[in-house]
Amino acid sequence: MDRSFYLKDTLQIAKDLLGKYLVHESSEGRTVGRIVETEGYLGVEDPASHAYEGKRTERTEDQYRSGGHAYVYLIYGMYHCFNVVTRGEDEPESVFVRALEPIEGKELMKERRGLKEASGKKILELTDGPGKLCMAMGIDEEDSGKDLCGDELYIVWPSREEDLDIQTGKRINIDYSREAKKWPWRYYIEDNEYVSRKDR
DNA sequence: CTCACGATTAGA
DNA sequence: CTAATCGTGAGA
């Protein structure tokens, strides 16, 4: 995906990223996951965003880069969250990737997730949540700020395109954000079993 | 320096 | 439902 893809409207990108493939070429091997659930975070006007009212700190600095960079942070002292930065430089908006469907490198994903013997139902737990997918894909704070238009961590179109049944809902776990928790900026592929929460 | 707080997850 | 777990950043 080239730079221009990431400079558009954030909610449009949140929708457009569904069905695309996130690829990570790491020293341990290559993993690929199909994006099935996203949320838009609209920067200065969004009480749920780390950049609300222009708040800018060392931790959130990468969100101020131009569209097409990664913004990764640690949450609850133990999990990582992966975001795709959108819009131009100093427009701190992003798309939070909440779930993937494993496509390639499933053995490596199982190892990283500590589910070596996993099969059947357990395979669903590889990437069905923001912290889980970072673990499975080997994404951590080292990856924050990386250019997604590069050749290490990037996003591509699937070989064959398909029609997706896209659903919308409220974003998850942002109770601290007052009225913003009602805004329907979460997108997911209907009936996809890797979506993190099936409830509304 | 202190301390409250998470864009989560696993497990009871 | 709650505990786990710790870097960050606001405030003293």
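Guide: A residue counts as near a molecule or strand if one of its heavy atoms lies within 4 Å of it. The model is predicted, so local features need pLDDT of at least 70 and side-chain atom pairs count only at pLDDT 80 or more, while totals for chains, interfaces and linings use all residues; side-chain values use heavy atoms, with hydrogens and water left out. Residues are numbered from 1 along each chain as its sequence is written, and chains are lettered from A, with ligands numbered from 1, in the order in which they are written.

Start with DNA strand B. There are 22 residues around DNA strand B, and those that come nearest are Y73, N83, G131, N173 and Y176. Sugar or phosphate supplies 55% of the atoms of DNA strand B within 4 Å of the protein, and bases supply the rest. Sorted by class, the surface near DNA strand B holds 11 nonpolar, eight polar and three charged residues. In this sorting Ala, Val, Leu, Ile, Met, Phe, Trp, Tyr, Cys and Pro are nonpolar, Asp, Glu, Lys and Arg are charged, and the others, Gly among them, are polar.

Several contacts here come from the protein backbone. A polar contact is a pair of N or O atoms within 3.5 Å; within protein, one atom must be able to donate a hydrogen and the other to accept it, and residues adjacent in sequence count only if both atoms are side-chain atoms. A backbone N or O atom of G129 is 3.4 Å from a phosphate oxygen of DNA strand B. For P130, a polar backbone atom is 3.1 Å from a phosphate oxygen of DNA strand B, and for K132 a backbone N or O atom is 3.0 Å from a phosphate oxygen of DNA strand B. The elements giving two or more residues to the surface near DNA strand B are strand 3 (70-75), strand 4 (79-86), strand 5 (93-104) and helix 3 (130-137). Helices (H or I, at least four residues) and strands (E, at least two) are DSSP runs, numbered from the N terminus.

N173, one of the residues that come nearest to DNA strand B, lies in the loop between strand 7 (166-169) and strand 8 (186-189). N173 has a positive phi of about 55 degrees although it is not a glycine. N173 is exposed, because its relative accessible area is 54%; exposed means over 50%, buried under 20%, and partly exposed in between (1.4 Å probe, protein chains only). D191, in the segment after strand 8, also is not a glycine and has a positive phi of about 70 degrees. D191 counts as exposed at 73% relative accessibility.

Now DNA strand C. The residues around DNA strand C are K55, T57, E58, R59, L74, Y76, G77 and M78. They divide into three nonpolar, two polar and three charged. Of the atoms of DNA strand C within 4 Å of the protein, 65% are sugar or phosphate atoms and the rest belong to bases. A polar backbone atom of R59 is 3.3 Å from a phosphate oxygen of DNA strand C. Y76 has a backbone N or O atom 2.5 Å from a base oxygen of DNA strand C. For G77, a polar backbone atom is 3.5 Å from a sugar or linking oxygen of DNA strand C.

Aromatic rings are next. The whole structure contains four aromatic pairs. One of them joins F5 and Y6, edge-to-face, at 5.1 Å centre to centre and 85 degrees between the planes. F5 and Y6 are both buried. The ring centres of W183 and W185 are 5.0 Å apart and their planes are at 50 degrees, so this pair is tilted. Rings of Phe, Tyr and Trp (its six-membered ring) pair if their centres lie within 6.5 Å; planes under 30 degrees apart count as stacked, over 60 as edge-to-face and the rest as tilted. W183 is partly exposed at 25% relative accessibility, whereas W185 is buried at 16%.

The charged end of K20 sits over the ring of W157, 4.1 Å from its centre, and R56 lies over the face of Y64, 4.2 Å from the ring centre. The rule asks for NZ of Lys or CZ of Arg within 6 Å of the ring centre and within 35 degrees of the ring normal.

Last, the cysteines. With a disulfide taken as a pair of cysteine sulfur atoms within 2.5 Å, the count is zero. The closest cysteine sulfur to that of C134 is in C81, at 6.4 Å, which is too far for a bond. C134 is buried, at 1% relative accessibility. C149 is in no disulfide either, and its nearest cysteine sulfur, that of C134, is 19 Å away. C149 is partly exposed, at 31% relative accessibility.
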